[in-house]
Structure formats: C-alpha cells, structure tokens
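Please look over the sequence and the structure shown next, and then follow the description below.

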Amino acid sequence: MFVSDFRKEFYEVVQSQRVLLFVASDVDALCACKILQALFQCDHVQYTLVPVSGWQELETAFLEHKEQFHYFILINCGANVDLLDILQPDEDTIFFVCDTHRPVNVVNVYNDTQIKLLIKQDDDLEVPAYEDIFRDEEEDEEHSGNDSDGSEPSEKRTRLEEEIVEQTMRRRQRREWEARRRDILFDYEQYEYHGTSSAMVMFELAWMLSKDLNDMLWWAIVGLTDQWVQDKITQMKYVTDVGVLQRHVSRHNHRNEDEENTLSVDCTRISFEYDLRLVLYQHWSLHDSLCNTSYTAARFKLWSVHGQKRLQEFLADMGLPLKQVKQKFQAMDISLKENLREMIEESANKFGMKDMRVQTFSIHFGFKHKFLASDVVFATMSLMESPEKDGSGTDHFIQALDSLSRSNLDKLYHGLELAKKQLRATQQTIASCLCTNLVISQGPFLYCSLMEGTPDVMLFSRPASLSLLSKHLLKSFVCSTKNRRCKLLPLVMAAPLSVEHGTVTVVGIPPETDSSDRKNFFGRAFEKAAESTSSRMLHNHFDLSVIELKAEDRSKFLDALISLLS
Amino acid sequence: MFCDKAMELIRELHRAPEGQLPAFNEDGLRQVLEEMKALYEQNQSDVNEAKSGGRSDLIPTIKFRHCSLLRNRRCTVAYLYDRLLRIRALRWEYGSVLPNALRFHMAAEEMEWFNNYKRSLATYMRSLGGDEGLDITQDMKPPKSLYIEVRCLKDYGEFEVDDGTSVLLKKNSQHFLPRWKCEQLIRQGVLEHILS
C-alpha cells in the first residue's frame, strides 16, 4: 500500500527499531541512502546497510539477515515485482520500498500489511482498480454447496435446470472477467518507465521532519541529475523537478545574494546554473569535452573527417584559438571564459544544436572546489562501475558511496579521471561501430553486438555503462543514417559479460524521438522471447530491460524477438 | 663473555614491537641463572682463599665477577618487569579474557600475576561510580557520539547487540551501532570507524 504520511507511518515506526537497508547499485539509490543515513544518525536509529546489485544478491542477503531484522527498507529495488513471492518473508516482516521503477506490481500496491510503498501518489501511476484484478474466491464455493438440497423429484429437476443455467452464466462471466483482467494487466505492465527520484523523495521526508541540510539538498540534486543523465525521465519531468529543487536551493542558500550577511567565500553553497551541457568541461579541456559529449559528438558527426572539420569551423566561428581550447579549462584565458556560455549557445544555434544549455545546479566549497551536478554523477557512476578486478562489486559500491561525502574529495577526483576514460572509450566504440557498420537493422529493431576483442569492452559489461553506450550509439546512429524508417527504430545491444561462463549482457533501448516518454517495452519482450525459445536467460538486474544471456542462445533468441515484435 | 645470555633476553624483548608479548624464554632465563650460580660459587671460593690465604691479587677478579653478577641480575629483572608491563597493557587492550595464543606465551607465575591484577582492577572499578561500578577500560579517548557508523572489513559472523538480537557482519556492510559494542571489534580490525 502507498504510505500517505511519511513521517507517521514510516519514520516514527522505524525510529525505535533496528532496520536493514538494501540499496541498489545506482547513483540515485546512493544519494537516497546518504540522505536516509544522515537522518538515522541524527536520531540514533540502529541500521545495517547492505549493497545489492541484482535479484540474486537481494535474495541471498535477505535469507542471511531475515532472522535478525523485522523492518527492511529497499531503495531503488523491489517495486516492480511481487516481493512476497520472491522473498518469502515471515508474517511480521515489514518492507518499506522507495523505488523509481514503474509500473509498481499490483500485489505490492494492494497488500495492506507487509509492503509499504514510499512513493508519491501524484506520480501518474495508473494502477488498475482492485475489483478488476482480484476477486474473492468465496463466492463460487457458496453456490456449489446449494446443489444437494432438494426434496421432490420434479422440483428437484427444475431447480437442477435452473442451477445448471446459473452455473454456465457464472462460468461465462468468470471467463470474461479473467480475459479482461489479463488485458488490463498486460497494458499496465507492458511498458517500463521511471518515476520521481528516490533521493528527492527522501529529501522531502527530511524537509517534513525539518532536518534538511544543504548537504542533503545536494544529494537530492545529484539523484535527479542521475535520472536525467541516464535518460530515465522525460525532459518535462526533469524541468518540473528542477523547479521544485530550486525553491529549496534558494531557501537554503539565499545568504549569498544578500549584500550584508554573505557567508564566507569558502562555505558550501549551491547555486542554480543555466549551464552548458558539455560533460565535465570544467575539469577537462573544452575540446575534449566537445568531442566526448554525446550531444555534440552526434550532431557534429565527429566520427567522420567532415565532422572534425565542422568542429573546427564551430570553434573558429566563436573566435576561440585551438591552442586555448585544447588546454585545461581552468588554464584558459580569462577573457575567453567570460562570455563563454552565451557565445557557445549562439554558435551552437547556428549549427543546429538548440539545447546546448540546461538547467542544473553547482556546488562550491573551499576555495577551489566547484562541481556541477552532472560532474558528480559521472564520477560516482564510474567509480561504481569501474572494471578493476581487485575489488568485488561491493568494494566499488563503498568507494562510490564514500565519494559523495565532502570530506572524500580525493575519491571524487579519482572518479572524475575514471569518468574521462569511460567517456573517451564510449565515443571511440561508437565511432568504430558506425564506421564499420556494426549497427544492422533486423526489421523491427536495430541490433549491434560488441565483439570480444574490442578495446575497452570490459568497461561495458556493467549494465549502466552499457545502457549509456547504447543510448549514445542510437543518438549518433539516428544522426548519421539517411534511412527515414531506421530513425524510428529501437536498439538492442549485446556486449560480452564473462568469458568463462560464456554470457553476454543484452540491453534494449526505446526509439529516439524528440518527445519520447521514455517507456521501455523490452522487459516483457525479452521474457517472452526467452520463454518461447527456452534460452538460458537471467533477469538479474533490477531494470527489466537488461538481461544476461548465454552466448550460444543468442541467435535463436534474436529470431524469436524479431518475430515477436514484427 | 659473561652476561651475553642476559643481553640476548633483553634484545629479544627489544625486537618485539610495542604491545606484543613474545614467548617466555625459560631456557634463556635458566642459563642466565646458572651462569650467575657458577660465578657466585667461584667468587665464594676465591673470597675464602683471599681471606685465609691472604692472596690479594684475587680481589680484582672477585670484583669483576661481582659486577657481572650485578649486571645479570639487572638484566633479568628488567626482562621480567618489561614482560609484566606488557601483560598489564594486554588487559586494557583485550579485556579480561586473553586469546589462547597469548596465554601460551606467558609463564605460570605471569598468569598468576595477571589474575591478581585483573582482580584488583575489578575491585577498583566496582568501588567507583556508586552501586554499579564504572568500567574505565571503555572509551579510552573521549567519545564524540553515542552511536558510530562502522564498516565491516572482513566476514565476522553474528554479533550480539544489547537487546539480544544479533547482527550479521559481512564484508563491506555498514552498520550504525552503539559505540561501546564496537570498540573491541574496531581494535581487532574487524570493523572500521567511518567519519563522514
């Protein structure tokens, strides 16, 4: 059931208990976890934090811990499946689920005792009504008990006839109801999408308790920006949420504008920026950032020689000398940096890029540390998904979690370096895929597969990196192809996951349109295709559109998918 | 050379880093005591001879042997005393129950001394703080908060919390627990205190 009063029904319930937090491995979940940890530390709530990266880890961790805890909080996992079925908990266990995955499973919505959803209800959920899906089983049994009463034969016969007629009517109604139920559930669960960021939900809880701080606000901002970077929410929703956060930002940080009572220059301040969408540009050189942002790389078509020339034209149009542009941004001439944003926006308009600037936030603390929200998102994501073999998955999670605190700046900078490597590898892979025509149209969708010998292919075995690569590849492909029909097709991408087990990760991306609602149907499509061909598939990740597949079953799986979607 | 064995004992202790207790070197100690006995007997006979026979040229030898005896005595006493200081530090480090490995390193007398020390410390602690007594081995540094955030560095297993339930300590899980329960494990290196 949905929790309406977060403070009474959630926070005050867990305040006197020991809770277990299951946190999924994405940046939004990390931010929500940090906010919740800060609240719990303030109120001395004893908690245990267990990172989980997939359903299997969640199940094993639950089995290990279920004797010791009664209250479980799941962050960014568990809303889109039947939790009670998968975890098989005891009667008195209570789950609080704060998840962005939609659609929320109907069992989770209508279970009143054990599952409490920390999800805002005005989030266009469209949950089907209770009567349409669940039906009390008692009605049928009552009627079947009436057959045996009968005294006289003639009365009995007519009554028998009547009862037969009634029963056939009831059976027909029942079948109609079930058919309707299947349709409703199919429509409801067909498309996967994402709702409000969990970090924002947690921040609102903190605000309700009047315990919100600038740090928590920054984490909420990073959580929202993560959803935008990974294309999980529509532009409209992003702008609305930015508006919500901006009110909080001005509430916490208004002292900067006040002339008399300004804070010292090295205190933490968050400010709203209408800044360029070039990735990491203040920590890199402008040229590198232009080449490695998918927006500009796709529009300029930087994988071709013609594209490189256009980039040079673009820079010349603004009057930026090449030598300056290739230097580190902080070392660029001040005179060039002064009106940089407006200059770039104007020139970008001339070259067909209308959305060069986005609404975002930046944080300053100390004398020289300034970060945009997207910088932190990329750094943390790279830390969490780095392919270094010396640590297990949970080590990376811990590193990424640490990097979000302001006292661990060395980790954040390390993450920035990893992010630069990742972005460069992404663009190089995209360039090679497009130049060698690896993206082939299979009919109802486009398909691309990364071979094992490709450089940096290990960087793309993790789900978020692979999804980001696929989204950027689709954008670049749409800009590069002349085929009108191909521009509207979705993309399925495969990358090798583990050589010993012979598995590949397969990701499905919805088609790229300007006003897309980011709804992804590949989750159900993959399931059905795997069932029909009995391929060995593992739905390990919390996002249903990312699966692991045995490499041998790949071709029959694809064939099934083609026939399913055409 | 005389006093070499005694120097060996001292060097052994000097080599062991702060806080570690090497095994009780019974052999070495016995050798030193034998050497002392031999020196003493030689001295005894020489003194008698010097007194009765009037041989005053034996006096420097007697003095020399006496100095060696004093040096041996000083070295052995230093050895035993330093070991006792280390054992005392163990009580503050590990609590009342010592790990088995350490117990094998201690001689029987040292064990007895340890038990007596434990008893007097316990009596003292009970005499403080009114009826219940005060555990002064907790909180060696002034604490900043009641509960601390800790991260588990290795798999430890189940760990009991105050209300009887237990927490499973697995690698890389983070917990928010009362300070006094975690201190032991932090000292052993199983948990790591996180300052955010």
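Predicted model: local features only at pLDDT ≥ 70, side-chain atom pairs only at ≥ 80, totals over all residues.

Seven of the seven residues of the strand, which spans residues 503-509, are buried, so S14(A) is largely enclosed by the rest of the structure.

The neighbours of S14(A) can be named as well. Strand S13 (residues 491-498) of chain A pairs with S14(A) in the antiparallel sense, over seven bridges. One of the contacts between them links A:Ala495 to its bridge partner A:Thr505. Four residues lie between the two strands of this hairpin, where A:Gly502 takes a positive phi near 65°. S14(A) also runs antiparallel to strand S16 (residues 546-550) of chain A, to which five bridges join it.

**Backbone features in loops**

Most residues other than glycine have a negative phi, and most peptide bonds are trans. A:Pro103 is placed in the loop between strand S5 (101-102) and helix H5 (106-110) of chain A. A:Leu280 counts as buried because its relative accessibility is 0%, and buried means under 20%.

**Cavities and a pocket**

Rolling a probe the size of a water molecule over the atoms shows where empty space is left. The structure holds four cavities of 30 Å³ or more.

| Space | Volume | Lining by class |
|---|---|---|
| Largest cavity | About 120 Å³ | six nonpolar, five polar and one charged residues |
| Second largest cavity | About 80 Å³ | eight nonpolar, two polar and one charged residues |
| Second largest pocket | About 1000 Å³ | 17 nonpolar, eleven polar and nine charged residues |

Among the residues that line the largest cavity are A:Phe378, A:Glu385, A:Gln422, A:Leu468 and A:His472. The elements that give two or more residues to this lining are helix H18 (373-385), helix H20 (409-435) and helix H21 (463-480) of chain A. Domain 2 (214-423) and domain 3 (436-563) of chain A each contribute at least three residues to the lining of the largest cavity.

The second largest cavity has a lining that includes A:Trp218, A:Phe365, A:Phe371, A:Arg406 and A:Leu412. Strand S9 (357-365) and H20 of chain A each supply at least two residues of that lining.

Which residues lie nearest the centre of the second largest pocket? Of the 37 residues in its lining, these are A:Asp231, A:Gln235, A:Arg277, A:Tyr295 and A:Lys475. Helix H10 (214-229), helix H11 (235-252), S8, helix H13 (294-300), S9, H18 and H21 of chain A each supply at least two lining residues of this pocket. The lining of the second largest pocket draws at least three residues from each of domain 2 (214-423) and domain 3 (436-563) of chain A.

Helix H21 of chain A also contains A:Ser480. A:Ser480 is partly exposed, with a relative accessible area of 26%. A:Ser480 and A:Phe300 are 180 residues apart in sequence, while their C-alpha atoms are 9.7 Å apart in space.

**Chain B**

The domain assignment divides chain B into domain 1 (4-127) and domain 2 (147-193). The C-alpha centres of these two domains of chain B lie 40 Å apart. An unreviewed UniProt entry carries the annotation "domain: GINS subunit" for residues 42-128 of chain B. This span of chain B is 85% helix and 0% strand, and its end C-alpha atoms lie 55 Å apart.

Technical notes
Residues numbered from 1 in each chain as written. Chains lettered and ligands numbered in written order. Heavy atoms only, no water. Buried < 20%, exposed > 50% of the residue type's maximum accessible area, 1.4 Å probe, protein only. Pairing = 2+ DSSP bridges. UniProt positions renumbered as here; feature names shortened; annotations may be inferred. 1 Å grid on protein atoms, 1.4 Å probe; cavity = no way out; pocket = protein on both sides within 12 Å on 5 of 7 lines; lining within 4 Å. Points joined across faces, edges and corners; volume = space filled by probe spheres on them. Nonpolar A, V, L, I, M, F, W, Y, C, P; charged D, E, K, R; others polar. Domains from an automatic or database assignment.
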